[in-house]
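Subject: A structure to look through

Dear colleague,

Please open it first, and then read my notes beside it.

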Amino acid sequence: MPGPLQVSGSISIPETELRWRFSRSSGPGGQGVNTTDSRVELSFDLAATEALPPLLKTRALERLASRLVDGVVTIAASEFRSQLRNREAAEMRLAQLLREAVAPPPKKRRPTKPSKGAVERRITAKKHRSDLKRLRRSL
C-alpha cells in the first residue's frame, strides 16, 4: 500500500502524486455502514505528472481523453466493506488503466491475398455444391 504505485517494470507513480478521498459507501456493511468511510476515490493528475516520459504521457493523455477531467483521472472503488481492500482495488485498477494507456500501438496489419491454391479449392467446392443442388432439382 504505502510507497510508489508500480505500473510496469520501468514505470512507477510516486505516492505524492496520488490523491485519496474517502466517503461512505452504499450497499452492504451491517451496522457500520453509516459510520465507516469505506468508499475510496483515487485521483492521479496525468497532465502534471513527472513520473512518465513525455512520449508515454502524450500517448496516455490521448487515449484517456474521455476519462480525464482537467487532466486528472479518478478511480472509485466501493465493492468491499473494508477501506483497505477498496484502496487496493483502486490502486490495481489505476495501474491497469495506465498500463493499457501507455502500451505501444499494435503493429499495422499487412494486407495479404489468398494463394492460388486456396482460390482454386474454394471454386472447386462451390462447383461441387452447385452440382449437388442441381441434381436434386426435378425437371
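Predicted model: local features only at pLDDT ≥ 70, side-chain atom pairs only at ≥ 80, totals over all residues.

Residues are numbered from 1 along each chain as its sequence is written, and side-chain values use heavy atoms, with hydrogens and water left out.

I begin with the sheet. Three strands form an open sheet in the order β3-β4-β5, with antiparallel pairing; strands (E, at least two residues) and helices (H or I, at least four) are DSSP runs numbered from the N terminus, and two strands pair if DSSP finds at least two bridges between them. Because β3 and β5 each have a single partner strand, they stand at the edges, and one side of each is left without a neighbour in the sheet. From one strand to the next, the twist averages 20 degrees, and between β4 and β5 the antiparallel pairing runs over 6 bridges. Helix α2 lies across β3, β4 and β5, and runs at about 140 degrees to β5 (axes are lines fitted to C-alpha atoms, for helices over the stretch in contact, and angles run from 0 to 180 degrees between N-to-C directions).

S43 sits in strand β4, which covers residues 39-45, and its bridge partner in β5 is T74. The side chains of S43 and T74 are also joined by a polar contact of 3.2 Å, where a polar contact is a pair of N or O atoms within 3.5 Å; within protein, one must be able to donate a hydrogen and the other to accept it, and residues adjacent in sequence count only if both atoms are side-chain atoms. Is S43 buried or exposed? With a relative accessible area of 17%, S43 is buried, because buried means under 20% relative accessible area, exposed over 50% and partly exposed in between (1.4 Å probe, protein chains only).

Next come the salt bridges, of which the structure holds 4; a salt bridge is a side-chain nitrogen of Lys or Arg within 4 Å of a carboxyl oxygen of Asp or Glu. One of them joins the side chains of E41 and R21 at 3.2 Å, N to O, and this pair links distant parts of the chain, with E41 in β4 and R21 in β3 (residues 18-23), 20 residues apart. E41 is buried at 16%, whereas R21 is exposed at 52%. R39 also forms a salt bridge with E41, with the closest N and O atoms 2.6 Å apart, and R21, R39 and E41 are linked in a network of salt bridges.

Notes. Contact = heavy atoms within 4.5 Å.
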